[in-house]
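I opened this notebook to record what I looked up about how two chains meet and how one of them is built. The entries follow the order in which I checked things.

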Amino acid sequence: MSYHWNWHIFFEPSPSGTGTYLDMLLAGLLLTIETSLFAWIIALAFGAVVGVMRTLPSKTASLIGFVYVEFFRNMPLLVQLFIWFFVLPELLPHAWGLWLKQMPHAPFYTAAIGIGLFMSARVAVQTAAGINSLPRGQRLAATALGLTTAQTYRYVLLPMAFRIIMPPLTSEFLATIKNTSVAITIGLIELTGAARAMQEFSFQVFEAFTGATVLYLLVNIVVVVAMRFLERALAVPGYISGK
Amino acid sequence: MFASFDFDVIRRSLPYLFLDGMTFTLMLTGLAGLGGLVFGTLIALMRLSGLKLLGRIAGLYVDLMRSLPLVLVIFWFYFLVPYIGQWLTGASRPIHVGAFASSLITFILFEAAYFSEIMRAGIQSISKGQPAAAQALGLTYSQTMRYVVLPQAFRNMLPVLLTQTIVLFQDTSLVYVVSITDFLGAASNVAQRDGRLVEMYLFAAVIYFVISCFASFGVRRLQARIAYVH
């Protein structure tokens, strides 16, 4: 009994009734991109704040930053998504929980926020590393010039740190895209989910997963090329070797 | 809000959670970590061998694996392994592969890509003088690697390798997508059978958190203790 290949399956109508199997995969790809962009905004915003907190002179601030990072880093993403999706609505007051459960597109928002917070811990680590990689003299010079701590971060440390950590942030963004596939477990039909659905309807296992694989590779290439342009445009002259 | 929290459902399912679920998770983590390290080291050696074709193949493999989400890779191998087995054994139909073997193969092949990058950095951290000296002493390439370079590369990278293993430990929970009963799968089975999602998922989260925290604390202590060699 051997496997029956049928590459034309992509152009056959899918049972969803809104086009071919290829359209189904592309709809999944679109959802993957939307979810990862939404998650990435959250990851950057929270990650930057927590990363800065970890480098502040205040003991309390850096402790809060430390606890935040450890909290989100030491649980599997899948477990975190289950907690946001299944557990949180039960722990909230009844009316709020009901509202959460009945919210349209709940898997999308849960995935975006859950993955965003999970990734924010990793962005925070990178941000803190970027700030700590700057020579101590920069912070001292800013203080000597009379800048407040907030001004020091705003005008001296962060503009440098963010440009230094562009390459690791690219990897974290790619990780965010890949992590959206975990949301298949809470019913989000993103790219992997679409491939899985296509496999279940059409029984063409390997064509479906090949389609998803090719699309993921394309997304990766686009992101890597775009980020390389961005890195080059933002490189600090004379500071980062033009790589 | 915790008034209706049922601790008893956790207590009753402890043997199932740990003897069935956690044993599976830890065995998978341990064996996949070891297999991934061995296979990953081979890939790293291929990339650094200086042979263009070999290096290119290894590089493509690593790039491919690292571009794909683990969930997709788990699906791939879940369906592919029976056919590979059929092809290897010459059987007339796709062979049946157990849940553990299937996920072990998946994780070894997937983690090998990540371990190979760590080992590559480790091998490159050893100064060029060392392999040169080994060759001057008359050691062959494999002896140089076996006795001089790899032991030091491994030691330098031990904290990173262990951190990657903690990530692997957390990632094994993703076998959930093909309904395999690991620790999270066991918790989920009980949760759905007894309608106790809150208790079971929070308990699973706490257990993962405690194990990962202790492990990363241990890695940090190790990092401070071992000396880095060049």
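How are H10(A) and H3(B) oriented to each other, roughly parallel or roughly antiparallel? I noted first that this is a predicted model, in which local features need pLDDT of at least 70 and side-chain atom pairs count only at pLDDT 80 or more, while totals for chains, interfaces and linings use all residues. Residues are numbered from 1 along each chain as its sequence is written, and chains are lettered from A and ligands numbered from 1 in the order in which they are written.

**Entry 1, the helix pair between the chains.** I looked up helix H10 (residues 205-234) of chain A and helix H3 (residues 70-89) of chain B, and found that they pack at an angle of about 155° with axes 11 Å apart; helices are DSSP runs of H or I of at least four residues, strands are runs of E of at least two, and both are numbered from the N terminus. Axes are lines fitted to C-alpha atoms, for helices over the stretch in contact, and angles run from 0 to 180 degrees between N-to-C directions. H10(A) and H3(B) are therefore roughly antiparallel, a term for angles over 145 degrees.

I then listed the residues that meet: Val205(A), Phe209(A), Ala212(A), Thr213(A) and Tyr216(A) on H10(A), with Leu72(B), Phe75(B), Trp76(B) and Phe79(B) on H3(B), where contact requires C-beta atoms, placed from the backbone, within 7 Å. By class, this contact has 8 nonpolar, 1 polar and no charged residues; Ala, Val, Leu, Ile, Met, Phe, Trp, Tyr, Cys and Pro count as nonpolar, Asp, Glu, Lys and Arg as charged, and the others, Gly among them, as polar.

**Entry 2, the whole interface.** I found 30 residues of chain B in contact with 28 residues of chain A. On the side of chain B that touches chain A, H3, helix H6 (141-171) and helix H8 (197-225) each give two or more residues, and H8(B) supplies the largest share, 11 residues. That side of chain B divides into 22 nonpolar, 6 polar and 2 charged residues.

I counted 8 helices and 0 strands in chain B, and its C-alpha trace spans about 70 × 55 × 25 Å along its principal axes.

Note on methods. Angles under 35 degrees count as roughly parallel, over 145 as roughly antiparallel, 65 to 115 as roughly perpendicular and the rest as oblique.
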